[in-house]
Amino acid sequence: MELVNMIPHRLSYGPVGSAARDQARLALGDITAPEFRRGRYEVCHYHLRSLGGCVGPLAIDQTLWFGHELQARLKDGGAHVAVEYEPGGRRNLAVLVGAYLVLGLGWSAAEVRRALPEDAGLTFPCSWIDPVDLASRRGAPRMTVQDCWEGVQMARDMGWLRSEMVEDGVVASLAASKFWKTSCEYDGAWLVPGAVFVMADPMTTIQDPNPATCAAFCRERGADRVPEADSLDKFRMLSQDSSLSPQRSPSCPGEALVGESADGLPEVCLSAAAVERDCHELEDGLLSLASVHTVCKAYGSGLARAKGCDLWPDARPYVDFLLEEGIRTVVRLNSPDEPGLAEIGGSYDAGLLAEFGIGHADIPVSDSKDTGRGGVPPRGAIRRFLSLTRHVGLEDGAAMIVHCKGGFGRSVFLACLQVIYRYDVPGCGLLGWARMARPGAITTPEQEAVLRSLSGRGDLCRRYDVPIGGLEGTSAAQGCCTVT
């Protein structure tokens, strides 16, 4: 591919080495801001080796920081910036460039597609997918770069993102920091700012000694917080319990695979022996506190914990977070004693939330991929969920949390259906937005396919026999922005 001039004499895009001598080059490796994390795809709290064949898209905070960096370079009136990609990083960079054009310059996703037609159709493998499955028809990537561009346009049009987030360095930094801080502290993210928050079961965060977000599942009422050193000692003792031995991730069934697929995607998967060896090598053995059985959650280890998790030692206790963020309803989709939770004492007592006027509902949904649905909840569960959540927050502006065990599959999928139902947005763009707002979200190709097939509210209601019930005029603009 030759260099593409997206803005004549100002902005070009192409492979490494395609820029002219008089053009200023910008590549992923040129951005040194900590918020950008060197342009690497990561899932907060999870070991890089547990991510399977997934390589992107990059998170919202990285997207905003790239846009700000590009905007700053374009401010020089005579500058001609050439954004260059390495072969393996093309799809991520294409998303970033398109996101800047949409958010910073007001382009539509369709206009970006016309400028970069070859990149629009590039695909991303599903989150956590086994690299071996990428060669099969079932595991074939479905989400496209275009879906991500449409997701950014949707977020801009809804008011969830603003142009100031790339134009103003202070705003960009604050937005990126809040996004990362929320991910680190609560293992969750705003899918709809001020309205719908998706996250892992909070008990998995209580098991995280740093930050001590949930030293106890209660609101601090003048009581002294547990010193961090004491918390660390407690969890070191727990990690020595032989009943909490490291578990092999079932997403890695064979021997280690390291290499590149035909389209340049890195393929990394660990054998059972490699997983166990790495677990023992991680400091303090805290990987043995893995809170999910589908992937390795590795709180407390230098290798596995996402950088930045220790920057906020004064994190709000969980219930304080709910009250201060205006969250008045919590929906739990996981069973209290699922594997991965049972080992750490199970899920929480919902009665503790009632003491603070926070509503709670349980809609147990299996995350099994062996039912033939690929992790897509049954129709009855979908109807029940939509019926329960259809009017939450519409009158009083209160927000809701939807969580499952890990906070990536069931919770995000059903929350996306609720967003489509309430705000009448297309599933393709929402899929792209969800995977940028909550890296690791949507965990099976089947879940991706369902979302991409829904054009809006009417399509959803017809498929699942759900009444619209007076939501036709619902506005999508609600609450504060995602990361400000």
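Tutor: A polar contact is a pair of N or O atoms within 3.5 Å; within protein, one atom must be able to donate a hydrogen and the other to accept it. Please also keep in mind that this is a predicted model.

Student: Good. How far is the backbone oxygen of Ile468 from a polar atom of the side chain of Arg390?

Tutor: The distance is 3.3 Å. The side chain of Arg390 also has a polar atom 3.4 Å from the backbone oxygen of Pro467.

Student: Where does Arg390 lie?

Tutor: Arg390 is found in the loop that runs between α13 (379-389) and β13 (399-404).

Student: Is Arg390 buried or exposed?

Tutor: Arg390 is buried, because its relative accessibility is 16% and the cut-off for buried is under 20%.

Student: You mentioned β13. Which sheet contains β13, and in what order do the strands come?

Tutor: β13 belongs to an open sheet of 5 strands with mixed pairing, and the order is β7-β8-β13-β11-β12. The edges are taken by β7 (188-192) and β12 (359-362); each has a single partner strand, so one side of each lacks a neighbour in the sheet.

Student: By how many degrees are neighbouring strands of this sheet turned against each other?

Tutor: On average the turn is 20 degrees, with direction ignored.

Student: And in which sense do β8 and β13 pair?

Tutor: Strand β8, residues 196-200, pairs with β13 in the parallel sense, over 5 bridges. Within this pairing, Phe197 has Ile401 of β13 as its bridge partner.

Student: Changing topic: how many salt bridges does the structure hold?

Tutor: There are 16 salt bridges in the structure. One of them joins Glu84 to Arg25, with 3.8 Å between the closest N and O atoms. Glu84 is in strand β4 (residues 81-85) and Arg25 in strand β3 (residues 24-26), so this pair ties together parts that are 59 residues apart in sequence.

Student: What about the accessibility of Glu84 and of Arg25?

Tutor: Glu84 counts as buried at 6% relative accessibility, whereas Arg25 is partly exposed at 38%.

Student: How far apart are the closest N and O atoms of Arg162 and Glu164?

Tutor: They are 3.5 Å apart, and the two residues form a salt bridge. Arg162 is partly exposed, at 33% relative accessibility; Glu164 is partly exposed as well, at 35%.

Student: Which residues are linked in a network of salt bridges?

Tutor: Arg37, Arg40, Glu42 and Asp61 are linked in such a network.

Student: Back to β4, please. How many of its residues are buried?

Tutor: In β4, 5 of its 5 residues are buried. Both faces are covered: Val81, Val83 and Tyr85 lie on one side, Ala82 and Glu84 on the other, and all are buried.

Student: Which strands are joined to β4?

Tutor: Strand β2 (residues 11-15) runs parallel to β4 and is joined to it by 5 bridges; there, Pro15 has Tyr85 as its bridge partner. β3 also runs parallel to β4, with 3 bridges between them, and Ala24 is partnered with Val81 of β4.

Student: What do β3, helix α1 and β4 make together?

Tutor: They make a right-handed β-α-β unit, in which helix α1 covers residues 60-74.

Student: Last topic: how many disulfides does a search of the whole structure find?

Tutor: The search finds 0 disulfides. As for individual cysteines, Cys184 is buried, with a relative accessible area of 0%, and Cys404 counts as buried at 3% relative accessibility.

Terms used:
Residues numbered from 1 in each chain as written. Predicted model: local features only at pLDDT ≥ 70, side-chain atom pairs only at ≥ 80, totals over all residues. Heavy atoms only, no water. Helix = DSSP H or I, 4+ residues; strand = E, 2+ residues; numbered from the N terminus. Buried < 20%, exposed > 50% of the residue type's maximum accessible area, 1.4 Å probe, protein only. Pairing = 2+ DSSP bridges. Axes fitted to C-alpha atoms, helices over the stretch in contact; angles between N-to-C directions. Salt bridge = Lys/Arg side-chain N within 4 Å of Asp/Glu carboxyl O. Right-handed = clockwise from strand over helix to strand, strands pointing away. Disulfide = S-S within 2.5 Å.
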